Amino acid sequence: KSGKDVTFLFTKSECWILFLNRLSELNLSSISGQMEELYMANSRKDMNETLTDILMNACVTAVAMPARLMMEHVLLVSVLHHNVGIEVGAHFLEAVVKKFDELCKSDAEGKECENLLALIAHLYNFHVVHSLLIFDILKKLVSAFTEKEIELILFLLKNVGFSLRKDDALALKELITEAQRKANTADKKLQDQTRVRFMLETMLALRNNDMRKIPGYDPEPVEKLRKLQRTLVRSSGSGKDTQLRVSLESLLSADQVGRWWIIGSSWSGAPMIDDTNSKTQQKLHIGKVSSKIMELARKQRMNTDIRRSIFCVLMTSEDFLDAFEKLLKLGLKDQQEREIVHVILYCCLQEKTYNPFYAFLADKFCKCERRFQVTFQFSIWDKIRDLENLSATAISNLVSLLAHLLRTKSLPLSVLKVIEFSELDKTKVRFLRQVLSMLLIKTDAEELSDIFVRLSDNPKLGMLREGLKLFLTHFLLKNVQAQKNAEEASLLKERVELATKALQAKESKLKL
C-alpha cells in the first residue's frame, strides 16, 4: 500500500486455500492451470495430500453444502485427474470413501454423510470413478435399510440415478428388486413411513425413465459443467477411459492389499505389512509374494514402473479374463498402453513350454480394440525379422501364439507379408512351415477357407498370395509323408488344396 515491494510468504496449504476460496465456474480454467503448474513443480504425494485435506475441510461440514459449490470443487479434481494423472482422483476418492464408511458406522447427526456422498456422486458424474462403486454403496445402504440409509439412498439416486440407468440398467433393476424385498420384510413401523414409499416411487420412476416424478431433479447444472470439463481436459472427449473401476471393498482395504488401480502402487510389498499381531500372517504372506514377483520382474528386465505393473498383473491373475480386466483398469494411455502388448509377447516367448494363457489374453485384446491388434501385428513383425536371434523355445512359442491368433481371426493372414518369400533362409522356412501346418490342421475347413479368402480380394497383397501358394505347394508338402503319419499327411494335402483355391477365389471371378 505504501508503494514499496512487499513479499508475502505462504505455505503450500495457504496457497491452495487462496485458490479454492475464489473457485467458480468462470475462473476454473485459470485455477486448474495454476494447480497443474504446482503439481509439476512439487511432489505429487504432497500435492495430493494437500488438495485432499483442504477439499475435505471445505466440503465435509455438519451443514449441507450448496450443490453448485460441491460440483465445482469436484470438477476441479476431475480436471486434475485427467490432465495430471489418475493418482490425483484416486487419492481423493479413497479419502472420501473411507471417511464416508467411518461416519456411516457412527451415530453422527450432522450432514457430513450427505456431503461425502455428494462428493462421490459428482466424482461419478465427472468420470473420475466408474458406476461399480456407486452400485456397491447403494447395495450396502439397501442391506442396512434403516431410516438413515433410506435418506442416503434417496439423496444418491437423485444425484446419479438416471446416469446409473444409462450405464447399467440391469444392475439398477436388480437393486430396485432388492430394495422392494427389503421394504416388504422390514418392520411394520418402517414400512408405514412415507420416506420408504417415496424411495420406492423414486426407484420406479428411475426404472421407467420418468424424470417428472422426482421432485427437484434438474440435470442442467451437471450437464453445463460437463461441457466445461470437455474444454478443460486436454485428452479427447471427457475422459471416460480414465475412470477408476474400483469397488468399495478394494478402497476400504487398500492399506492391506495395495492400490492396484494406481500404476506403480499395486505391489508395494513390505510397506503394506503391519507389525501388529492380528493379521500379521496374512499381510506377511502378501508382502512376501509381492516381493518375490518384484524380484522376478527385475530378473526379466522389467525396468519401468509400467512394465513392472503389467508383469505383476500377468503373474498373479487367476485366468486370462481376470488379467484382461486388471490390465484395462491400469488406465494406461497411448505409448504406455502399447507396453501391455510388448510385455505379453515377451513373457510368452520366455516360457519354457508354451502357455496358451498368453494367446487367449492376446486374442481378447485384439478383439477389444483395433489399436491392440495393430500393436500385436507390429510386435510380431519385429520378432519375425529377428528370428535368427531367438532361441528354439522362443520360436516354438511364437509359432503357437501366431497360429492361435490367425485361427481365431484376431490377426489377419496378411501379418505374414513381412516375410520376403524370395529371400527365405532355413530359420524362416522352418518357422513358416510350422505356423502354416498348425493353422491348416487345427482349423475347420470352413473357417480355414474364410481366413485365406480374405487375401484374395486385396490387390495390394498379390505378392503375398503368390508367395503363399508357392510355399504351400512346394515347401509345405515336401517330404510330408516322411514327417507325418498317413492320416495327417492326407489331411494336410486336402487343406493345402482348399487354401490354394481360397487364395485364388477372387482372381478366378475377375478372369471370368
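Two residues are in contact when heavy atoms of theirs lie within 4.5 Å. By that rule L116 touches M56, V60, V96, K99, F100 and L103, leaving out residues up to four places away in sequence. The model described here is predicted. Its protein chain has 27 helices and 0 strands.

**The chain as a whole**

- The protein chain has 512 residues, and 47% of them count as buried.
- Its accessible surface comes to about 26600 Å². Carbon and sulfur atoms account for 50% of that surface.
- Take the contacts between residues at least 6 apart in sequence: 72% of them join residues at least 24 apart.

**L116 in helix α6**

- L116 belongs to helix α6, which covers residues 112-125.
- Its relative accessibility is 0%, so L116 counts as buried, the cut-off being under 20%.
- L116 and T61 are 55 residues apart along the chain, while their C-alpha atoms are separated by 9.2 Å.

**E94 in helix α5**

- E94 is found in helix α5, which runs over residues 86-105.
- The relative accessibility of E94 is 8%, and therefore E94 too counts as buried under the 20% cut-off.
- With neighbours within four places in sequence left aside, E94 is in contact with L251, A254, D255, R259 and W261.

**Helix α2**

- Helix α2 spans residues 28-41, which makes 14 residues. From its first C-alpha to its last the helix reaches 20 Å, close to the 20 Å expected at 1.5 Å a residue.
- The buried residues of α2 are L28, I31, S32, M35, E36 and Y39.
- Seen down the axis of α2, these buried residues fall within an arc of 140°, so they line one face of the helix.
- The face of α2 turned away from the buried side carries the exposed residues E37, M40 and A41.

**Helix α11**

- Helix α11 takes in residues 194-207 and also has 14 residues. At 1.5 Å a residue it should span 20 Å, and its end C-alpha atoms are 20 Å apart, which agrees.
- The buried residues of α11 are V196, M199, L200, T202, M203, A205 and L206.
- Just after α11 comes N209, which takes a positive phi of about 55°.

**Aromatic rings**

- A pair of aromatic rings is described by two values, the distance of the centres and the angle of the planes.
- The structure holds 5 aromatic pairs. One of the pairs is formed by F324 and F365, with 4.9 Å centre to centre and 70° between the planes, and it is edge-to-face.
- F324 lies in helix α17 (residues 320-329) and F365 in helix α19 (residues 356-368), so the pair ties together parts that are 41 residues apart in sequence.
- Both F324 and F365 are buried.
- Ring pairs link F324 and F365 with F372 into a cluster.

Notes. Residues are numbered from 1 along each chain as its sequence is written. This is a predicted model: local features need pLDDT of at least 70, side-chain atom pairs count only at pLDDT 80 or more; totals for chains, interfaces and linings use all residues. Side-chain values use heavy atoms; hydrogens and water are left out. Helices (H or I, at least four residues) and strands (E, at least two) are DSSP runs, numbered from the N terminus. The expected span of a helix is 1.5 Å times one less than its number of residues. Buried means under 20% relative accessible area, exposed over 50%, partly exposed in between (1.4 Å probe, protein chains only). The arc is that of the directions from the helix axis to the C-beta atoms. Rings of Phe, Tyr and Trp (its six-membered ring) pair if their centres lie within 6.5 Å; planes under 30 degrees apart count as stacked, over 60 as edge-to-face and the rest as tilted. Accessible areas come from the Shrake-Rupley method with a 1.4 Å probe; for residues, only the protein chains shown count as cover.
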